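Please walk through the model below, from a loop contact to a helix, a pocket and a helix pair.

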Amino acid sequence: MSAVNAGSGSRNPGDSGEPAILIEHAVKQYGSFTAVNDVSFSVGTGETLGLLGSNGAGKSTLIRMITTLVPLTSGRIRLHGVDVSVNPDRARLSIGVIPQAMTSDVDLSIEENLSIYAKLYGVPRAERRKTIPRLLELVNLADRRNSLVGSLSGGMRRRVEIARGLVHYPQILILDEPTTGLDPVSRTDVWEMLTTIKRERQLTILVTTHYMDEADRLCDRIAIMEKGRLVALDTPFALKQAVPGSRASTTLDDVFVHFSGRELVS
Ligand SMILES: Nc1ncnc2c1ncn2[C@@H]1O[C@H](COP(=O)(O)OP(=O)(O)OP(=O)(O)O)[C@@H](O)[C@H]1O
Ligand SMILES: [Mg+2]
């Protein structure tokens with residue numbers, strides 16, 4: 001079996017046939033350093049794809065290219081058929097982004113943080129009034145809507161940012177290490193919320209994480225990057241089977257060590 005099965009997973013029968021995310025030979029160079037080196041894969045509509053890799057593997061750089069924040073050096077990325085380099089404004093409308101660093105405004109309330117974002121995206125007032133309370137329910141923060149974000153725990157703040165990323169009804173949600181730094185209970189909360197939101201909104205999710213157990217339980221497929229390159233991509237089950245001497249007890253940690261040649265660093 002090939003380590004990289006770069007075709008998309010599930011597709012909606014009704015869609016255009018374009019995967020939600022299509023990455024073809026994406027390269028990002030900073031001077032002579034290649035942060036992302038000829039990466040190609042696609043994410044099917046409704047699929048949850050986990051992107052794993054050691055520190056510095058190129059995950060955030062790839063996400064920045066997908067989300068139009070840095071230009072590609074070469075290659076092509078299309079979101080539901082829209083090229084991020086040719087039509088970045090349209091591409092941006094189809095994605096909700098939760099970046100690695102927390103970016104919500106600590107001096108504003110939870111509701112104000114969501115409201116400002118919704119206005120930025122041009123969500124009409126009547127729509128904002130319906131969507132924001134529903135999102136706050138989804139992330140279990142309805143009763144805290146007037147609390148200042150600066151007064152929240154890390155887990156709650158993450159949930160605010162996930163809700164904020166959804167105010168404009170994106171089709172694709174992209175999360176860069178949403179659970180790093182959270183305690184185990186908050187981590188579980190965030191993933192449960194993502195599962196509920198995904199069911200309700202029929203989202204495509206691309207998520208990076210250093211937690212193999214999370215990725216194993218929650219992702220349809222796993223991509224592993226190492227030194228800018230894609231070194232493996234398949235279902236968790238298939239990846240485990242590809243590890244030499246694999247047994248029922250083989251874990252995604254074993255998969256990661258096998259394909260990246262490294263231990264995990266979080
Ligand atoms: N603006 C930049 N200029 C120069 N080098 C950069 C820049 N951004 C990222 N890099 C380098 O590109 C490589 C990939 O970084 P990136 O942040 O994408 O890794 P990552 O997989 O997200 O790591 P982590 O798990 O630590 O978040 C690193 O060596 C980083 O130092
Ligand atoms: Mg990163």
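Two residues are in contact when heavy atoms of theirs lie within 4.5 Å. This is a predicted model, and the contacts described here are read from its coordinates.

Ser 109 sits in the loop between β6 and α3, the helix of residues 110-120. Leaving aside residues up to four places away in sequence, Ser 109 touches Arg 145, Asn 146, Ser 147, Leu 148 and Val 149. For Asn 146, which is 37 residues apart from Ser 109 along the chain, the C-alpha separation is 5.2 Å. Buried means under 20% relative accessible area, so Ser 109, at 7%, counts as buried.

Burial also describes helix α1, residues 59-66. Seven of its eight residues are buried, so α1 is largely enclosed by the rest of the structure. The buried residues of α1 are Lys 59, Ser 60, Thr 61, Leu 62, Ile 63, Met 65 and Ile 66.

The next feature is empty space. Rolling a probe the size of a water molecule over the atoms shows where such space is left. The largest pocket holds about 150 Å³. Its lining has 13 residues, and the closest to the pocket centre are Thr 67, Leu 69, Val 97, Tyr 117 and Tyr 121. Strand β6, residues 95-98, gives the most to this lining, with three residues. By type, the lining divides into six nonpolar, five polar and two charged residues.

Now turn to helices α4 (residues 125-138) and α6 (residues 184-201). Their axes come within 10 Å and cross at roughly 140°, which means that α4 is oblique to α6. On the α4 side the contact is made by Thr 131, Arg 134, Leu 135 and Leu 138, which meet Met 193, Thr 196, Ile 197, Glu 200 and Arg 201 in α6. The residues of this contact divide into four nonpolar, two polar and three charged.

The backbone remains. Most residues other than glycine have a negative phi. Which value does phi take at Thr 68, the residue that follows α1? Phi of Thr 68 is positive, near 70°. His 25, in strand β1 (residues 21-30), has a positive phi near 50°. With 48% relative accessibility, His 25 counts as partly exposed. Asn 140 lies in the loop between α4 and α5, the helix of residues 154-164. The phi of Asn 140 is positive too, near 60°, and Asn 140 is exposed, with a relative accessible area of 53%.

Note on methods:
Residues numbered from 1 in each chain as written. Chains lettered and ligands numbered in written order. Predicted model: local features only at pLDDT ≥ 70, side-chain atom pairs only at ≥ 80, totals over all residues. Heavy atoms only, no water. Axes fitted to C-alpha atoms, helices over the stretch in contact; angles between N-to-C directions. Helix = DSSP H or I, 4+ residues; strand = E, 2+ residues; numbered from the N terminus. Parallel < 35°, antiparallel > 145°, perpendicular 65-115°, else oblique. Nonpolar A, V, L, I, M, F, W, Y, C, P; charged D, E, K, R; others polar. 1 Å grid on protein atoms, 1.4 Å probe; cavity = no way out; pocket = protein on both sides within 12 Å on 5 of 7 lines; lining within 4 Å. Points joined across faces, edges and corners; volume = space filled by probe spheres on them. Buried < 20%, exposed > 50% of the residue type's maximum accessible area, 1.4 Å probe, protein only.
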